[in-house]
Amino acid sequence: MYPTAQLEAFVEVAGQAGFTRAAERLGIAQPTVSQLVRALESRVGTPLFVRGPRRVALTDAGRALLPHAERALELAAEAEAAVDRAASAERARLWVATYILPPALARLRERLPRLEAGVVVGDVARSLSALRAGEADAALLTEHTAPRDIETAVYARGRTVLIAAPGEPEPPRPLTLADLAERTLVVRSPGTVNRREVDQLLERAGVEPAGRLEATSLEAVKRCVEVGLGVAIVPGIAVERELATGELRELPMDRPAMEFGFCLAWRRGEEPTPPVRMLLELLRADAVARGVAPADDGAVRAAK
């Protein structure tokens with residue numbers, strides 16, 4: 001690999017057909033340009049220029065080297081820009097609004113150890129409020145909750161599951177929404193997105209549960225179900241750990257109560273920052289590994 005300074009001097013002399021004009025363009029002394037070119041000629045083992053009293057011209061070796069020298073300088077500039085972007089990303093700030101912490105956030109910190117990262121924890125309304133107010137650079141939502149003033153990229157498919165206490169007996173057949181008429185349903189507080197979605201599901205199915213128990217947060221819903229106060233319809237991703245450890249169990253349904261896409265969102269009209277783009281890359285990679293990647297590869301779209 002030839003030194004960048006020597007290649008820069010060579011390319012500039014070739015372009016200006018002279019050492020003096022090349023020195024002016026490079027902002028260095030003419031003798032320095034001559035020294036750099038001579039050093040390059042010594043390295044390649046042959047003259048690169050025919051030096052005349054008024055003008056210099058490329059030799060055959062110089063003409064052969066020129067396109068490669070130009071490309072080498074382009075690659076060096078691209079490499080420098082890539083390093084600058086990575087360094088800027090590491091020094092950047094990233095706050096994500098979410099109600100579920102994905103493992104990708106931890107992997108992002110491993111990849112960018114100098115990244116100043118934080119999480120605004122709350123339901124969808126809190127996440128959207130933080131995003132709009134500039135408290136968060138991005139938000140993790142579902143496509144059903146994305147409003148008009150943001151842009152989203154779907155990174156994974158998701159579904160709701162019906163959860164019950166670990167001691168709940170296996171039903172004789174997969175359940176339907178109609179079976180909830182015989183059960184107490186643990187739900188979120190009125191006005192929350194999850195509560196509205198569940199209420200709409202039941203209304204369309206013409207089902208009224210035997211009872212409703214309201215909880216103030218998703219964690220509270222899970223704890224109520226865990227101790228046997230009722231069953232609940234929640235996003236599957238929100239209970240993966242509890243289902244794996246046996247703290248909760250999933251009751252089989254003939255089909256998911258709802259299917260949706262998880263998306264990363266940012267303010268409309270703004271370019272996502274490098275850390276946000278890197279987080280999206282990690283979220284997509286995780287979805288591929290888990291077999292829940294979206295069919296359209298998570299194309300960026302404006303919310304409708």
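The legends below describe several close-up views of a predicted model.

**View 1. The whole chain, given as an overview of the predicted model.**
The protein has 10 helices together with 12 strands, and buried residues account for 45% of its 304 residues. When contacts between residues at least 6 apart in sequence are considered, 71% of them join residues that are at least 24 apart. The structure holds 0 disulfides. As for the cysteines, Cys-224 counts as buried because its relative accessibility is 16%, and Cys-263 counts as buried because its relative accessibility is 0%, the cut-off for buried being under 20%.

**View 2. Helix H1 packs against helix H3.**
Helix H1 covers residues 4-16 and helix H3 covers residues 30-44, and the two pack at an angle of about 105 degrees with their axes 8 Å apart. Angles of 65 to 115 degrees count as roughly perpendicular, and H1 and H3 are therefore described as roughly perpendicular to each other. On the H1 side the contact is made by Ala-5, Gln-6, Leu-7, Ala-9, Phe-10 and Val-13, while on the H3 side it is made by Val-33, Leu-36, Val-37, Ala-39, Leu-40 and Arg-43. Sorted by class, the residues in this contact of H1 with H3 are 10 nonpolar, 1 polar and 1 charged.

**View 3. Helix H2 meets helix H3.**
The axes of helix H2, which spans residues 19-26, and of H3 come within 8 Å and cross at roughly 105 degrees, and H2 and H3 are therefore roughly perpendicular to each other. In H2 the residues Phe-19, Thr-20, Ala-22, Ala-23 and Leu-26 meet Gln-30, Val-33, Ser-34 and Val-37 in H3. By class, this contact of H2 with H3 has 6 nonpolar residues, 3 polar residues and no charged residues.

**View 4. Ala-17 sits in the loop between H1 and H2.**
For comparison, most residues other than glycine have a negative phi. Ala-17 counts as buried because its relative accessibility is 8%.

**View 5. Glu-41 of helix H3 and the residues around it.**
If its neighbours within four places in sequence are left aside, Glu-41 is in contact with Thr-46, Pro-47, Leu-48, Phe-49 and Arg-51. Glu-41 and Gln-6 are 35 residues apart along the chain, and their C-alpha atoms are separated by 9.4 Å.

**View 6. Thr-59 lies in the loop between strand E2 and helix H4.**
Strand E2 covers residues 56-58 and helix H4 covers residues 60-91, with Thr-59 in the loop between them. Thr-59 is buried, as its relative accessible area is 15%. Not counting residues up to four places away in sequence, Thr-59 touches Pro-47, Leu-48, Phe-49 and Val-50.

**View 7. Helix H5 packs against helix H10.**
Helix H5, made of residues 103-111, and helix H10, made of residues 274-290, pack at an angle of about 125 degrees with their axes 9 Å apart, and that angle makes H5 oblique to H10. H5 passes H10 in a right-handed crossing. The residues of H5 that make the contact are Ala-104, Leu-105, Arg-107, Leu-108 and Arg-111, and those of H10 are Pro-275, Met-278, Leu-279, Glu-281, Leu-282, Leu-283 and Asp-286. By class, the contact of H5 with H10 has 8 nonpolar and 4 charged residues, and no polar ones.

**View 8. Two loop residues, Ala-238 and Ser-217.**
Ala-238 is placed in the loop between strand E9 (232-235) and helix H9 (240-245), and at 9% relative accessibility Ala-238 counts as buried. Ala-238 and Pro-102 are 136 residues apart in sequence, and in space they are 9.7 Å apart, C-alpha to C-alpha. Ser-217 lies in the loop between strand E8 (211-215) and helix H8 (218-226), and at 27% relative accessibility Ser-217 counts as partly exposed. Ser-217 and Val-187 are 30 residues apart in sequence and 9.1 Å apart in space, C-alpha to C-alpha.

Note on methods
Residues are numbered from 1 along each chain as its sequence is written. This is a predicted model: local features need pLDDT of at least 70, side-chain atom pairs count only at pLDDT 80 or more; totals for chains, interfaces and linings use all residues. Side-chain values use heavy atoms; hydrogens and water are left out. Axes are lines fitted to C-alpha atoms, for helices over the stretch in contact, and angles run from 0 to 180 degrees between N-to-C directions. Helices (H or I, at least four residues) and strands (E, at least two) are DSSP runs, numbered from the N terminus. Angles under 35 degrees count as roughly parallel, over 145 as roughly antiparallel, 65 to 115 as roughly perpendicular and the rest as oblique. Contact means heavy atoms within 4.5 Å. Ala, Val, Leu, Ile, Met, Phe, Trp, Tyr, Cys and Pro count as nonpolar, Asp, Glu, Lys and Arg as charged, and the others, Gly among them, as polar. A disulfide is a pair of cysteine sulfur atoms within 2.5 Å. Buried means under 20% relative accessible area, exposed over 50%, partly exposed in between (1.4 Å probe, protein chains only). A crossing is left-handed if the near helix is turned anticlockwise from the far one by less than a right angle, and right-handed if clockwise.
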